[in-house]
Amino acid sequence: MPRLGEEPSSRHRRVFAALLVAVLFTACLFGLAQSSFEAPLVSFRDWATTLSKPQSPLQPQSQPEPEPEPEPEREPDSDANDDVDAQGRRTHRKFADLTMMERLPRDVIPTARNGRRLIIIGDIHGMDRALDRLLEHVGYDGATDHIVSAGDMVNKGPHSARVVARLMELGASAVRGNHEDRVLLALASAAEQREAGEGVAFPGIQVRHSKKRDRKTARQLSPEQVKWLADRPLILAADDLAMYVVHAGLVPGIRPLRQDPWAVMNMRSLIEPSRRLVHQVPGQDGNLVEDEPLVDEDGDRTDAQTDADEDAHASRAAFEDLIPVDTHQGREWAELWDLRQSQIPKSDRRTVVYGHDAKRGLTLGKHTFGLDSACVNGGQLTALVIHVSRKGHVKRNIRQVPCKKYKD
């Protein structure tokens, strides 16, 4: 090393330069490594936690926010702490323009005495003639039958307005699908469309688009039809049948009123985040596996229940951390829904009827019924017809009619 005041030699300068390059190179490697291991997605539970605990940019970091009191345990369908409008309808906090859930009127629910039927129809997509043939095929009777559409009544097919008018004429119930959502978004202002796109969970994989076809469909609808579509909830509940009707799906382990609206209208699969922050249901390859049943065939608690109580939170968190996507990557959400129902008492189990997934087609699970059978692409239009026998047994029958492929 040169003495103080001496001019450094060329050898010393090379040593200094090499040290400087080494330090900079190490810093760059550290930064790249840190960004490479950063999880690109956040889990459903982390996103919900972020929403429930907003951080003010003006709040000093030296004053940590006091820990909130633990939330008391509630029944799966408890309505506590959820927003309720003047008509008693539950709305989602983040999407105030959407009605999250409504309950079907009890007078349309089939019982052993009333002889009524529910006719739940999959994705119609403007195929008005197929709808008429299906109603004829099931022997629709307005005096005893109630129609429920599982969403995507509009777009793709030839006569969206006719389908909506027919359902309104018949007094049908319906849920909002992703295509109704897109058509309604096409009628919104540019600022509202931008705000809707920024408001979804997991930006980058969940985008609410407005396309030319959506605007064309919107122009065909009357103001009354637009209002009818806008008033449709995301979830219809039939409590006496232990059943939900949605368009796309529900994330297992999440209460209906806390579901992500985008997921309810668009989800097809569930994937694990790249980095787990909680325990997961154990499996040799890291996948979810079916645990030992917690109830016997009669719905009574088994000996396994005592040990299972200790792991209930971890098991539930494994589902909450899954990320809903609109692709077929990962696990089919309906498969995981059926798995979750096998882990809870019979009294808490719910069946979900949905549409949306034409690629998988008609899908029948133990607690799930997927009714989108690609009518607009030349498949079938499918209905799930539900009635209750005189002995009180719920009967479910699948009825279909063939469709002619529509070419725009």
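Guide: The side chains of Arg103 and Asp239 meet in a salt bridge, at 2.8 Å from N to O, a salt bridge being a side-chain nitrogen of Lys or Arg within 4 Å of a carboxyl oxygen of Asp or Glu. This pair links distant parts of the chain, 136 residues apart, with Arg103 in strand β3 (residues 99-103) and Asp239 in the loop between β7 (235-238) and β8 (243-245); strands (E, at least two residues) are DSSP runs, numbered from the N terminus. The model is predicted, so local features need pLDDT of at least 70 and side-chain atom pairs count only at pLDDT 80 or more, while totals for chains, interfaces and linings use all residues. Residues are numbered from 1 along each chain as its sequence is written, and side-chain values use heavy atoms, with hydrogens and water left out.

Arg103 counts as partly exposed at 33% relative accessibility, and Asp239 counts as partly exposed at 41%, where buried means under 20% relative accessible area, exposed over 50% and partly exposed in between (1.4 Å probe, protein chains only).

Arg106 forms a salt bridge with Asp240, their closest N and O atoms being 2.7 Å apart. Here Arg106 lies in the loop between β3 and β4 (117-121), and Asp240 in the loop between β7 and β8, 134 residues apart. Arg106 is exposed at 63%, whereas Asp240 is partly exposed at 46%.

Asp145 pairs with Arg117 in a salt bridge, with the closest N and O atoms 2.7 Å apart. Asp145 belongs to strand β5 (residues 145-149) and Arg117 to strand β4, 28 residues apart. Asp145 is buried at 4% relative accessibility, and Arg117 is buried at 17%.

Definitions and conventions: Helices (H or I, at least four residues) and strands (E, at least two) are DSSP runs, numbered from the N terminus.
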